[in-house]
Amino acid sequence: MGLEGGLQVIKYLVFLANFLFWLSGLGLIVVGVMAHLKYSVFSVLTGQSIDYLIFAIILIGAIIFVVAFFGCCGAVRENNWMITLFTVLLILIFVAELGAGIAAYIFKQEVKDIIDERTKNAINLYPEEGEKSVDFIQQKFNCCGGQDYKDWFGSAAWVAKTPRNNDNVPDSCCKDVKKGCGRNIIQQSKQNEIHTMGCIPKAVSLVKGNLMLMGSVLGGIILIELLATVFACCLMRGIRNLDDDEF
């Protein structure tokens, strides 16, 4: 016997909620992939913590994508066990999202310390390690050094490479990048030709902003999950009652 009346409405509400759920899973995948592409070059500053968080978001999005499709099929076919399994999977996804949200919150509180420490290490090792990444970041953010351009004057590896004086910065700090443009900054009063602001404040602002975006997306998905769970439970109960009436 097919569903009638209010249960028929609930059936289509479950389908609609799952369609939105499916779109949100796709959105998480897209946001995660874009974040990975955007932050891969910044790993020299952020470390692997943000990579793990991004991969977790992509994985959750992929699971949501599959589970939502499963829920749509269960609603259309009015299959009780599929709806029941869908509800259980929704609860598990909620727990996973809660864990990802907690990890994002913890990372947000520690992001400045992590970026500060890793930026100092990157500057001290430049140009022996991470030269391309550091140069790209400085040009991309229009920044120089950690807190400011003077951080380069204390870099052991960089000073060792430019032993003649101690007021050189990498050419990637220059507003108009060309070979040798970062030499003798203080001696020749060339501070107006380089970016003097450090990269740490800009990197911290960018990462925190994107973590807020991810948190907002997760929050919206959780609301859709709650609706889908309520509708699925109502539909599951209605299908069970119909099955009992047939006997």
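Count the bonded cysteines along the chain and the disulfides pair up as 1-6, 2-3, 4-5. There are three disulfides in the structure, and keep in mind that this is a predicted model.

Cys143 and Cys199 bring their sulfurs to 2.0 Å from each other. This link connects distant parts of the chain: Cys143 sits in the loop between α5 (131-141) and α6 (156-161), while Cys199 belongs to helix α7 (residues 199-246), 56 residues apart. The torsion about their S-S bond is about 90 degrees, so this disulfide is right-handed. Cys143 is buried at a relative accessible area of 0%, and Cys199 is buried too, at 4%.

Cys144 is in the loop between α5 and α6 and Cys173 in the loop between α6 and α7, so the bond ties together parts 29 residues apart in sequence. Here the S-S torsion is 80 degrees, again right-handed, and both cysteines are buried.

That leaves Cys174 and Cys181, joined with an S to S distance of 2.1 Å. Their link is right-handed as well, with 110 degrees about the S-S bond. Cys174 is buried at 3% relative accessible area, and Cys181 is buried at 8%.

Cys73 is partly exposed, with a relative accessible area of 26%. Cys233 is in no disulfide either, its nearest cysteine sulfur being that of Cys234, 7.0 Å away. Cys233 is also partly exposed, at 32%.

Conventions
Residues numbered from 1 in each chain as written. Predicted model: local features only at pLDDT ≥ 70, side-chain atom pairs only at ≥ 80, totals over all residues. Heavy atoms only, no water. Disulfide = S-S within 2.5 Å. Helix = DSSP H or I, 4+ residues; strand = E, 2+ residues; numbered from the N terminus. Buried < 20%, exposed > 50% of the residue type's maximum accessible area, 1.4 Å probe, protein only.
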